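Colleague: I am new to this structure and would like a close look at a single part of it. Please take me through that part slowly, and then show me what lies around it.

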Amino acid sequence: MVIRDKIFSTITTVFKRHGGVTIDTPVFELRDVLTGKYGEDSKLIYDLADQGGEICSLRYDLTVPFARWLAMNPMIQNIKRYHIAKVYRRDQPAMSKGRMREFYQCDFDIAGVYDPMLPDAEVLRVAKEILDSLNIGKYTIKINHRKILDGLFEVCGVPADKIRPISSAVDKLDKMPWEDVKKEMTEEKGLDPEAADKIGQYVMKKGGRDLLDDLKTMTELTSNASFAAGLADMELLIDYLEVFGVMPVLSFDLSLARGLDYYTGVIYEVVTEASAPPSGKLSKKGSKPKNDDPDADRSNDDSIGVGSIAAGGRYDELVGMFANSAKGKIPCVGISFGVDRIFSITKARMTEAVRGNEVDVYVMAFGGKGFTGLVKERMQVCKTLWDAGIKAEYFFKVKPKLPQQFASAEKNGVPFAVVLGEDELAAGVVKIKEMGLPEGHPEKNGVDVKLDDLVNEVKARLASKGLHEEKHAKAVEEVQLEAKDAA
């Protein structure tokens with residue numbers, strides 16, 4: 001939770017930087033609100049037992065509840081909204097890879113009528129800022145457009161009623177070879193093999209502005225109205241993303257389809273090196289579960305990766321599905337971050353232990369023969385520090401041994417100790433000791449401070465330590481930036 005809270009804080013800071021306001025929705029929705037919005041993934045929705053009232057289901061994502069909320073509040077015609085909450089999917093779990101049935105999503109959406117591609121560009125800029133702030137390593141934002149895909153499928157001879165199922169099959173190209181995807185399209189979904197071969201000529205293409213320029217020369221595609229409209233959107237979006245500095249991490253990828261039915265325009269997902277399954281054969285240790293138990297944890301299954309860590313797109317018609325009037329048909333675009341998948345990558349990349357708490361001062365006591373433990377005095381000093389807003393703790397024992405107290409402080413990485421002694425207290429003095437100082441340091445054994453000056457002294461030392469750590473972190477960041485520029 002310490003790591004998760006840091007991820008939440010990082011993400012929320014960026015959301016607020018871009019003017020986001022937060023809302024909340026219930027954990028469960030009417031089943032009718034959720035059904036028919038997720039395509040083939042609808043089978044993963046958790047339905048609740050009917051107890052003589054309305055039939056409900058656990059929310060599958062935060063997007064459909066947001067659309068329902070907008071439709072119920074027609075006075076809100078535009079909003080930048082963020083929402084951090086748990087969602088539920090009856091998927092096969094792989095716990096160590098962040099693939100769970102109950103997990104957190106962090107959503108950022110822009111709703112309202114605006115000039116084309118301006119909100120879309122800002123959502124992708126938000127994604128880049130968040131991803132650059134998290135410890136996830138190299139990442140790629142894959143992007144495509146539903147109108148480009150729909151136009152491409154029409155040109156290739158896909159019947160209108162098969163466009164969504166074929167999209168869902170094409171979306172698996174990052175997990176399956178083309179031969180398997182083609183087999184799903186033709187044998188399972190009844191597509192003409194000739195149409196599948198035509199699709200295969202195009203969906204392997206990826207790039208940046210170069211791909212855009214390449215597609216503009218393909219008259220067999222640009223003559224399709226849907227394809228041409230999507231291409232115009234992408235050209236404008238790429239212009240804006242160059243201004244926002246997003247293009248270096250972007251990949252225009254024609255195989256990206258996104259399985260959810262509600263997307264109408266630009267679609268995107270974020271992948272890292274951990275997103276894909278490990279390449280090559282199954283390792284000796286890692287293998288698929290021996291049985292087909294859908295509840296089995298597949299953490300050791302080498303055919304499964306972390307998956308995409310964020311995804312989203314434009315959904316202009318979803319709010320209208322719940323609205324009673326034309327006024328309620330609000331276009332939206334957004335992105336959702338999967339915190340548990342980000343967490344699994346972050347934890348794997350961590351090189352240092354994480355502090356379990358944020359305590360700044362550990363109040364201790366020591367003494368010789370006849371030592372009383374000074375428990376009330378330690379409690380009084382803690383009260384004084386708490387009253388001043390300083391995070392402090394003491395050992396829950398009347399007569400603790402000094403090594404016990406130091407071990408407890410060190411375990412949680414507490415930076416400062418305040419040590420009480422009977423003779424020193426009689427003189428109105430305590431000792432402040434910075435933990436972890438090297439041998440030979442002039443303050444290794446601590447510094448005497450008047451009890452009346454304790455709060456000011458602790459605050460000054462905390463401020464000084466924080467400033468030092470901030471300078472150190474900035475210096476490390478500058479070195480990393482220089483290394484990145486050199487590369």
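How are α1 and α4 oriented to each other, roughly parallel or roughly antiparallel?

Modeller: This is a predicted model, and what follows should be read as a description of that model. Two packed helices are described by the angle between their axes and the distance between the axes. Helix α1, residues 2-17, packs on helix α4, residues 118-133, at an angle of about 150°, and their axes are 9 Å apart. Since angles over 145 degrees count as roughly antiparallel, α1 and α4 are therefore roughly antiparallel to each other. Their crossing is right-handed. On the α1 side the residues that meet the partner are T10, I11, V14, F15 and R17, and on the α4 side they are V126, E129, I130 and S133. Sorted by class, this contact of α1 with α4 has 5 nonpolar, 2 polar and 2 charged residues.

M117 sits in the loop between β5 (102-111) and α4, and its phi is near 75°, a positive value in a residue other than glycine. Most residues other than glycine have a negative phi. M117 is also buried, because its relative accessible area is 4%, and the cut-off for buried is under 20%. With a relative accessibility of 5%, L374 counts as buried.

By class, the contact of α5 with α6 has 4 nonpolar, 1 polar and 4 charged residues.

From α6 the description passes to α7, whose buried residues are W178, V181, E184, M185 and T186; what covers them includes α6 and α8 (193-203). T186 lies in α7, which spans residues 178-188, and T186 is buried, with a relative accessible area of 18%. The side chain of T186 reaches the backbone oxygen of K182 at 2.9 Å, while the backbone oxygen of K183 lies 3.4 Å from a polar atom of that side chain. An α-helix has 3.6 residues a turn, so residues three or four places apart point the same way. Leaving aside its neighbours within four places in sequence, T186 is in contact with L191, D192, P193 and A196. After α7 comes G190, whose phi is positive, near 70°.

I76 has its place in the loop between α3 (63-72) and β4 (79-88), and with 21% relative accessibility it counts as partly exposed. Not counting residues up to four places away in sequence, I76 touches W69, L70 and I330. I76 and G112 are 36 residues apart in sequence, and their C-alpha atoms are 8.9 Å apart in space.

Terms used:
Residues numbered from 1 in each chain as written. Predicted model: local features only at pLDDT ≥ 70, side-chain atom pairs only at ≥ 80, totals over all residues. Heavy atoms only, no water. Helix = DSSP H or I, 4+ residues; strand = E, 2+ residues; numbered from the N terminus. Buried < 20%, exposed > 50% of the residue type's maximum accessible area, 1.4 Å probe, protein only. Polar contact = N/O pair within 3.5 Å; in protein donor to acceptor, adjacent residues only side chain to side chain. Contact = heavy atoms within 4.5 Å. Axes fitted to C-alpha atoms, helices over the stretch in contact; angles between N-to-C directions. Parallel < 35°, antiparallel > 145°, perpendicular 65-115°, else oblique. Left-handed = near helix turned anticlockwise from the far one by under 90°. Nonpolar A, V, L, I, M, F, W, Y, C, P; charged D, E, K, R; others polar.
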